[in-house]
Amino acid sequence: MDLFYVLVGTVVFAVGGPVLGCLLAGIDRKVTARMQGRVGPSLLQPYYDVRKLLEKDRVAVNSSEEVYVATALVFTLLAGGIFFSGGNLLLCVFVVTLSALFFIVAAWCTRSPYAEVGASRETLQVMAYEPMVLFMAIGYALGIASMTGFLSFDVRAAFYMPAPVILSNVLVFAGLLFVLTIKLRKSPFDLSYSHHAHQELVKGVTTEMSGRTLAMVEIIHWCENVLFLGWVGLFFIWNSAASILLALAVVAAVYFLEIWIDNNFARVKWQAMLKGAWVVALVAGVVNIGAFVVL
Amino acid sequence: MAFASKSPWVIHYDGSSCNGCDIEVLAALCPGYDVERFGIINTGNPKHADIFLVTGSVNEQNKAVIREIYDQMVEPKVVVACGICACTGGIFHDCYNVLGGVDSVIPVDVYAPGCAVCPENIIDAVVQGVAVLDEKSKALKKKRKEAAL
């Protein structure tokens, strides 16, 4: 039965994820423009961009790059399906990491020196955020366990709780916010693939990707954004319809905060990102999870 | 409808410009002129770009570079010569090392003269370039359909 839900969830996410993600990206560009005193593009600009990319001629450097990117897209959709069908949060984390790995391999397989720099930076980003993301899943499960006595990674469990998981996971949530900047590819942590040309080595991890392949990368990015904001919202869900509104409000506030950070901080070196993310993971994750164990 | 005109991404290359035109190209991207209103983004990657903005004249040193960037760009693509040097060689046209305008190495679709070319002219040229882009995109679509038959 679980598998059936996941499959239905994946199909729904494959349709809804890109639509929502596209609108989010449009809002991002609009808000960014306003923060810089510009008018900015239309809300549907990301959609136009992807449609244009699909119209471009096909000139892949090899035949495997597109396959890797397509696989990354499939796993992103599956991760979204697992999460939004109320499935296992830990599995969702692993599947979305697998998608990130396929994306890295796609860049590496082109043998372009610039794409390789991007790919190794992307690897560092995965290394930086992964511990905190795992602590997030564990913190969630322990939060559920503290209320029910049963350890459960299931996302749907949150909807049956008397209180939101955030109450026992404040530090874990703060840590998640820190690595969210890396996962959403926002400055100061947009090391592998920046949306701003002026601070990029050619175009980082996507240097050799063009046309249809690049369109898929954009769609992956949209879906990931929706999924990660879903993780943020999950912490504010409990057995109440109003909690969904609260979760949406928190998600909106967090997304605005990320855009603000993106516009106000210059890119850091990878050493600072890796150290920062691991220190945050160590402090936030270990202290919070340690508190669960001790108390 | 072709979407090429809705999101023209540009790449900018300084041939041997005195930087006058370069500053104007970047000014067009800044808040004052904000070409992102039209979906125009400055990319650093020829493989992502639709419009090639070249400033400055062509010489033996940069001939190969301009050719390489043009070749790496994916069809449909448009070239805009920004400033009089890029159009004809301008004041440097009879220098010993200057070959002439950009059209001496690659086909140019739109010429935007001026010394330096003002941002309004660049925007105007890009808008004209976008119309060419649309035509090329439609031609490519037609070619693809014919190939599929």
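Me: Before we start, what are the ground rules for numbering and confidence?
Reply: Residues count from 1 along each chain as its sequence is written, and chains are lettered from A, with ligands numbered from 1, in the order in which they are written. This is a predicted model, where local features need pLDDT of at least 70, side-chain atom pairs count only at pLDDT 80 or more, and totals for chains, interfaces and linings use all residues.

Me: What makes A:Arg185 buried or exposed?
Reply: Buried means 20 or more other C-beta atoms within 10 Å of the residue's own, exposed means 12 or fewer, and partly exposed is in between, with C-beta atoms placed from the backbone. A:Arg185 has 22 C-beta neighbours inside 10 Å, so it counts as buried.

Me: And what about A:Arg111, buried or exposed?
Reply: A:Arg111 has 10 other C-beta atoms within 10 Å, so it is exposed.

Me: Why is helix H2 of chain A called largely enclosed?
Reply: Of the 11 residues of H2(A) (45-55), 8 are buried, so the rest of the structure largely encloses this helix. Among the buried ones are A:Tyr47, A:Val50 and A:Leu53. The buried residues pack against helix H1 (2-35) and helix H7 (211-234) of chain A, together with helix H4 (119-148) of chain B.

Me: How do you know how H1(A) and H2(A) are placed against each other?
Reply: Axes are lines fitted to C-alpha atoms, for helices over the stretch in contact, with angles from 0 to 180 degrees between N-to-C directions. The axes of H1(A) and H2(A) come within 7 Å and cross at roughly 115 degrees. Contact itself means C-beta atoms, placed from the backbone, within 7 Å. A:Cys22, A:Ala25, A:Gly26 and A:Arg29 in H1(A) meet A:Gln45, A:Pro46 and A:Tyr47 in H2(A).

Me: How many residues are in contact between the chains?
Reply: 25 residues of chain A are in contact with 21 of chain B. H2(A) gives the largest share of chain A's side, 6 residues.

Me: How do you know which strands of chain B pair in the open sheet?
Reply: Two strands pair if DSSP finds at least two bridges between them. E1(B) and E2(B) have 2 bridges, E1(B) and E3(B) have 5, and E5(B) and E7(B) have 3, so each of these pairs passes. The open sheet has 5 strands in the order E2-E1-E3-E5-E7, with parallel pairing. Strand E2 (41-42) and strand E7 (110-112) of chain B each have a single partner strand, so they stand at the edges.

Me: Which residues are bridge partners in those pairs?
Reply: B:Trp9 has B:Ile41 as its partner in E2(B), B:Asp14 has B:Thr55 in E3(B), and B:Cys82 has B:Ala112 in E7(B).

Me: What makes a set of residues a nonpolar core, and which members of the largest one touch the most others?
Reply: A nonpolar core is a set of buried Ala, Val, Leu, Ile, Met, Phe, Trp, Tyr and Cys residues joined through C-beta atoms within 7 Å. The largest has 88 residues, and A:Val69, A:Ala72, A:Ala79, A:Met132, A:Leu176 and A:Ala277 touch the most other members. H7(A) supplies the largest share, 15 residues. Another core, of 41 residues, lies apart from it and includes B:Val35 and B:Val78.

Conventions. Helices (H or I, at least four residues) and strands (E, at least two) are DSSP runs, numbered from the N terminus. Two residues are in contact if their C-beta atoms, placed from the backbone, lie within 7 Å.
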